[in-house]
Amino acid sequence: MEEKRAHNADTGGQCSVLGGFLPFGLGLVLSLLVGWWLSPKLLFSEQSQPVAFNHKIHKEEAGMTCSDCHYFREDGSYSGIPTTKECADCHEFPVGSSAKEREYVNKYVKKGQEPDWKVYQMQPDNVFFSHAAHSLENCGKCHTDWTEKELCSTSGCHPDIGDSEAPPKYSENRITGYSASTMKMWACEYCHAMPDHRAYNANNNACFTCHK
Amino acid sequence: MSGAQQSFKILWGMAIDLDKCTGCGACMVACQAENNLAPEKDASKKQRVMNWLKVFELSNGKPFPDHDTAYLPRPCQQCGNPACVPVCPATVTKKDEEGGIISQVYPRCFGCRYCMAACPYKARYFNWYDPEWPQGWDKTLSPDVSVRPRGVVEKCTFCHHRWMKAKDKARVAGNDPYDLPEGAYVTSCTEACPNGAIVFGDLNNPKHLVHKLAHSEYAFRLLERLGMDPQVYYLSRREWVRRLGNHHLENEKTGEFTPLGGGHHG
């Protein structure tokens with residue numbers, strides 16, 4: 001009996017290593033897969049932009065600058081994405097020979113319709129974001145080494161697509177309807193709550209600075 | 001009312017001339033439209049309706065021929081010593097921004113209504129119902145003001161979004177957004193008043209008319225003795241109106257009282 005018990009105890013010890021660690025390890029890998037790979041896939045839907053807009057061609061071949069389309073209006077508001085009418089200044093008829101451009105002209109310019117652009121940074125209803133306040137004239141007063149490109153994209157506000165040939169995929173949260181890359185409040189706070197910034201504008205972290 | 005009162009370089013304020021106010025209510029309508037207040041289903045339920053700006057009727061209480069009436073538009077007074085701010089358990093409402101406008105961040109509010117109980121001016125309103133715009137009316141919604149759901153408290157913000165826009169306009173034009181000329185930023189009620197009874201501007205800026213009016217001998221503030229230090233001034237040449245604005249006792253002289261918390265600004 002005693003021998004048998006001891007034998008049992010031995011094999012039991014081996015089993016506990018295999019039977020204990022393996023399921024734990026498998027479970028860990030599985031839950032990491034579910035958490036990091038599966039649930040984002042389930043939560044976010046990937047969508048394409050309605051128009052395959054090529055920033056690079058506009059910059060390099062047409063010689064345009066960012067502010068030709070993304071400009072400030074006289075009333076202080078920001079134009080954002082140009083309207084079909086503005087695009088039609090050049091694209092009333094296809095300028096190049098690409099099929100995508102022809103499709104754009106037929107689908108939107110001729111019908112006078114606005115493409116249903118997906119905005120990567122669309123903010124919630126209770127946020128007031130002022131582009132004019134975040135211009136290079138303001139931020140560049142101290143950040144003298146920043147370029148406009150750095151200001152707009154490197155700081156994490158916008159995806160850096162100024163030189164891209166096709167717009168990146170847009171992923172939307174299926175529950176909230178917000179874009180996955182919408183700037184979160186902690187990212188705003190990264191600058192707004194910085195103690196160094198307080199000297200520049202003592203109240204720039206007040207609620208109403210960004211909320212409405 | 002404890003704690004130091006924060007001082008601001010800019011102090012947005014209003015001076016409302018009660019002798020010019022006819023009680024027409026244009027300011028109330030303009031406010032309602034500007035700030036996305038849904039049309040009331042039953043406006044006769046006076047404890048449920050929402051008026052960020054409300055016009056009250058005052059009476060001197062005397063019989064004809066000595067009877068006199070005045071109308072008093074009451075927005076949020078944007079107090080220097082606000083009663084609503086320290087009672088809020090959710091940091092919804094703060095007076096921490098240049099300009100001295102008391103903020104209200106609706107998604108933080110869970111509707112305890114302490115602020116409503118604290119406000120002596122009854123300037124705060126609770127959403128008893130979900131706001132509903134009849135079919136098609138939603139096109140009148142302003143994108144500058146967020147809509148509030150049922151269960152949160154809201155109040156007049158001196159059309160804060162208009163200040164944001166005025167600042168942006170100044171920035172793009174290359175001017176100092178913190179030194180706006182008179183009239184660059186006014187509230188919608190100011191704009192709507194057909195008699196020019198409401199004057200809006202920076203109380204601290206001597207170039208603004210409101211600065212002068214606030215120092216007029218006919219100026220008074222509502223319930224001034226509570227020491228709330230409101231940023232809304234009223235003007236009336238009629239003594240009974242000024243007395244009523246501060247609930248003077250019969251034996252008290254007009255304009256003579258001791259504020260509870262101090263808090264006068266110059």
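Biologist: Is B:Glu224 buried or exposed?

Modeller: The relative accessibility of B:Glu224 is 14%. Buried means under 20% relative accessible area, exposed over 50%, and partly exposed in between, with a 1.4 Å probe and protein chains only. B:Glu224 therefore counts as buried.

Biologist: At which pLDDT do side-chain atom pairs count?

Modeller: Residues are numbered from 1 along each chain as its sequence is written, while chains are lettered from A and ligands numbered from 1 in the order in which they are written. Side-chain values use heavy atoms, without hydrogens and water, and in this predicted model totals for chains, interfaces and linings use all residues, local features need pLDDT of at least 70, and side-chain atom pairs count only at pLDDT 80 or more.

Biologist: Which residue forms a salt bridge with B:Arg221 at 2.6 Å?

Modeller: A salt bridge places a side-chain nitrogen of Lys or Arg within 4 Å of a carboxyl oxygen of Asp or Glu. B:Arg221, buried at 2% relative accessibility, meets B:Glu224 in such a bridge at 3.3 Å, N to O. B:Arg221 also pairs at 2.6 Å with a residue that is buried at a relative accessible area of 3%. That residue is B:Asp229.

Biologist: The side chain of B:Arg74 reaches the backbone oxygen of which residue?

Modeller: B:Arg74 stands in strand 3 (residues 69–74) of chain B and is buried, as its relative accessible area is 1%. A polar contact is a pair of N or O atoms within 3.5 Å; within protein, one must be able to donate a hydrogen and the other to accept it, and residues adjacent in sequence count only if both atoms are side-chain atoms. One such contact joins the side chains of B:Arg74 and B:Tyr125 at 3.1 Å. The backbone oxygen reached, also at 3.1 Å, is that of B:Tyr121.

Biologist: How many residues make up the largest nonpolar core?

Modeller: A nonpolar core is a set of buried Ala, Val, Leu, Ile, Met, Phe, Trp, Tyr and Cys residues joined through side-chain atoms within 4.5 Å. In the largest one, the members that touch the most others include B:Trp12, B:Phe158 and B:Tyr185. Apart from it lies another core of ten residues, among them B:Ala214 and B:Tyr233. The count for the largest core is 57 residues.

Biologist: How many salt bridges are found over all chains?

Modeller: Chain A contributes a network that links A:Lys59, A:Lys149, A:Asp160 and A:Asp163. Side chains of opposite charge can pair when their charged atoms come close. Over all chains, the count of salt bridges is 17.

Conventions:
Helix = DSSP H or I, 4+ residues; strand = E, 2+ residues; numbered from the N terminus.
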